[in-house]
Amino acid sequence: MTIKRVPTPAGDQAWLITDYDQIKTLLADRRLGRSHVDPDNAPRFIDSAVLGRPRQGTEQQENERHTWMRRMLAPSFSARNMEKLRPRVRRLADDLLDDLVRQPQPADFHEAVSFKLPVLVICELLGVPYEDRETFRRWSEAMSTLNDPRKSQEGHAHLSAYMGELVDRKKKEPGDDVITRLIEGTPSGQEETIAQLSAGLLFAGHETTVAVIDRGVMLLSLNPDQWDALSKNPSAVPNAVEEILRHRSPVSQRSDDIGMPRYAMADIEIDGTTIPSGDLVLLGIDQANRDETRFPEPTQFVPRESNPHLTFGHGPRFCLGAPLARVELTEVFTALVTRFETFGLAVDVAQLTPRTEQLVGGVAQLPVRWTAL
Ligand code: HEM
């Protein structure tokens, strides 16, 4: 059976889907979304301000909101525009690695590179002052804690207020950035919506990519033959990046296998089972990424010719930042394999501290050692 009832981390009931084809079909199904006509009584997913609860609304209201959001943001994050950013991202990655090698070994790669690169890039794109990073990092982490609803709500409120002030400032002093373009493209009186959207982008724009950069360093460290192959042939880095995106973290995470939450906005039949409107459905992207028919020997870390992973989702909600994340990941791993003769974890994977309380997971630190070329 590929559909079953499971308890959610928040203690309510949901339908979990684990079959690759079904997940792909359902990710593209507009009858499943983020809205609910009665959010206060909807099944809860997690006790967090991020993804914890549905929004109030019908299928039509959700589709209108979503179409507007994609129309406003898609040009700023298009693959073509992100490609233009590549040289800048590479320079930033090189500068961060220059700073790293000045540190005594072992050094914390998580702090020195994985966190800083996506944050520098998203700050530049959005027009958020990079000097504020430690402040919004705290709020962003608080916002995505899994089991402290008050802390999560407070983090969300702080980040929203911060973005609200930034939107007000940019109305008076426009910049060449995404938030200014959002302001210019939206009728007056929508400042709150722009602030929410920008807070979402700041969050989405760094938390996930940080965790994937760390995961790539771990996976390459555990598979030195792959590191050697990439050093000899850096043009294979994009394929390796897709495998890093597909593969699970070597450090087990509480957030693994929770699934992508959706609410049925109509009665939906799956495999002969009717999912009533209003029910919570979890799409098991991690399980789909381990489907043996798509990914032979799925537990192996091997760059693949065909790698149709669902890590960025699929369909109308396909990750808007995927082109940006791919540029960041390919540039940081190309810099790594071309600048260092040896590079890897300074401790055993079992000694790393997983961020189990965080929605996005990842590790708290990543001590590394290296020898430069
Ligand atoms: C490796 C890094 C990333 C991963 C694994 C990731 C993953 C995802 C996934 C799975 C979705 C689909 C959610 C759903 O179906 O409900 C999504 C949506 C989204 N992502 Fe990403 N993401 C990453 C990086 C980024 C970046 C850098 C940005 C910055 C702009 C971003 C912005 C967004 C936005 C705005 C959406 C919502 C799209 C929509 O609802 O139409 N993501 N992401």
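How many bridges pair strand E6 with strand E12, and in which sense? There are 2, and the pairing is antiparallel. Two strands count as paired if DSSP finds at least two bridges between them.

A bit of housekeeping: this is a predicted model, where local features need pLDDT of at least 70, side-chain atom pairs count only at pLDDT 80 or more, and totals for chains, interfaces and linings use all residues. Numbering starts from 1 along each chain as its sequence is written. Helices (H or I, at least four residues) and strands (E, at least two) are DSSP runs, numbered from the N terminus.

E12 also pairs with strand E11, again antiparallel. Here's how the two pairings look:

| Strand | Partner | Bridges |
|---|---|---|
| E6 (residues 107-108) | E12 (residues 367-372) | 2 bridges |
| E11 (residues 340-345) | E12 | 5 bridges |

Phenylalanine 340, meanwhile, stands opposite alanine 372 in E12.

Now for helix H14, residues 322-339. Its 18 residues reach 25 Å from first C-alpha to last, close to the expected 26 Å (1.5 Å times one less than the number of residues). H14 is mostly covered, with 13 of its 18 residues buried, meaning 20 or more other C-beta atoms lie within 10 Å of a residue's own, with C-beta atoms placed from the backbone.

Then there's the ligand. Of the 19 residues around the ligand, Gly205, Thr208, Gly313, Cys319 and Gly321 come nearest; a residue qualifies if its C-beta atom, placed from the backbone, lies within 6 Å. Helix H9 (191-204), helix H10 (207-222) and H14 each give two or more residues to this shell, and H10 gives the most, with 3.

Methods. A residue is buried if 20 or more other C-beta atoms lie within 10 Å of its own, exposed if 12 or fewer, and partly exposed in between; C-beta atoms are placed from the backbone.
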